[in-house]
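Dear colleague,

Please find below the structure I said I would pass on, together with its sequence.

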Amino acid sequence: MENKPSITHVILTGGVGSRLWPLSRKSKPKQYLDLFGGKSLFEMTVERNRIIADTVMVVGNIDNCHLSKKVLEKTNTSYIDIVESTPRNTAAAIAFAAFASDPDAILIVTPSDHIIDDMAAYETAIHEAVAKASQGYIVTFGIIPTKPETGYGYIERKGDDVISFREKPNQVSARDFIAEGNFLWNSGMFCFKAGVFLEELKAFAPEVYEKSKIAWGAAVNGNLDLALSLEIPSISIDYAVMERSKKIKVVSSKFAWSDLGSFESVYDYLVSTGHPVDKKGNMVIGTTNYTAFVGLKNTIFVHTDTANLILQKDNSQDVKNVYNELERENPDLLD
């Protein structure tokens, strides 16, 4: 009888959620906000894969590892903690997880800030990905698109073969992708054997591989050295491996998915859960104070103790411009 492969859920917790400022701050990024029925996206991510994985591994940074620890203790989850001293993008983060694993272990790599519904469809996709990973493939999850979204990257595919990865498109290109019917949203989720990933990383991004290996070798209790980490090129898994390897397969996934990367996607999710909007589609987030919208529609008012944001839902992607401006002029408001 064939042995069942060991499965590790690797949770990536980097990122500050700049498009969700002022809710998301450097001191408490969006994945730790208890906005979702009293739970955070991070907690929901841990729960989602609890029955699938044998081991949980968290790759975070020195600024947020205490937030992860708090959730994992609350949920009574034992885990392997990898703490980056400085962000070096996803190729290095995933390399650390792979170096910490048995080469034949199957890693399911997910961000910590996505919302997923329809667990039956999710588990079907995971089982399909694990089967492909067992055969030596590097698997990415493509989401069947529901609209011409400009906030996501796309995967062009034929069956389960990846033809190309596409950057976030403009509205015209996004409509063309949907019309063609062979494009999927790029979820940023992956599944592969640890050893297979490291082989491909070594082949296509040797400097990332070597420098990450050196940094991992010098890590103390999963804590990475700053000087050694700074020598690792900062590059995404997409550029380092996914766009170059010949071992890539895609699982076309039917589960409902959002990276909640903008207030528009937060708005849509909150509406689906019964969060109130007025008859013109205006929404208040962060306060129960009476708030009136006059002459406005599809407007979101976001309240925090130190800053407020008022935006048109359709302009959600522009919040990052406010964040960038504050980074130059008033960085205290980002903490």
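Predicted model: local features only at pLDDT ≥ 70, side-chain atom pairs only at ≥ 80, totals over all residues.

Residues are numbered from 1 along each chain as its sequence is written, and side-chain values use heavy atoms, with hydrogens and water left out.

One of these pairs is Glu 43 with Lys 74, whose closest N and O atoms are 2.8 Å apart. Because Glu 43 sits in helix H1 (residues 41-48) and Lys 74 in helix H2 (residues 65-74), the pair ties together parts that are 31 residues apart in sequence; helices (H or I, at least four residues) and strands (E, at least two) are DSSP runs, numbered from the N terminus. Glu 43 counts as buried at 5% relative accessibility, whereas Lys 74 is exposed at 55%, with buried meaning under 20% relative accessible area, exposed over 50% and partly exposed in between (1.4 Å probe, protein chains only).

Arg 166 and Glu 156 form another salt bridge, with 3.0 Å between the closest N and O atoms. Arg 166 belongs to strand E8 (residues 161-166) and Glu 156 to strand E7 (residues 154-158), so this pair ties together parts that are ten residues apart in sequence. Arg 166 is partly exposed, at 33%, while Glu 156 is buried, at 13%.

The side chains of Lys 249 and Asp 160 also meet in a salt bridge, at 3.5 Å from N to O. Since Lys 249 lies in strand E10 (residues 248-253) and Asp 160 in the loop between E7 and E8, parts that are 89 residues apart in sequence are tied together here. Salt bridges that share partners join Glu 128, Lys 132, Asp 160, Asp 161 and Lys 249 into one network.

Finally, Phe 183 is placed in strand E9 (residues 183-193) and counts as buried, with a relative accessibility of 3%. Which residues does Phe 183 contact, leaving aside its neighbours within four places in sequence? They are Pro 145, Tyr 154, Ile 155, Glu 156, Arg 166 and Phe 177, contact meaning heavy atoms within 4.5 Å.

Conventions. Salt bridge = Lys/Arg side-chain N within 4 Å of Asp/Glu carboxyl O.
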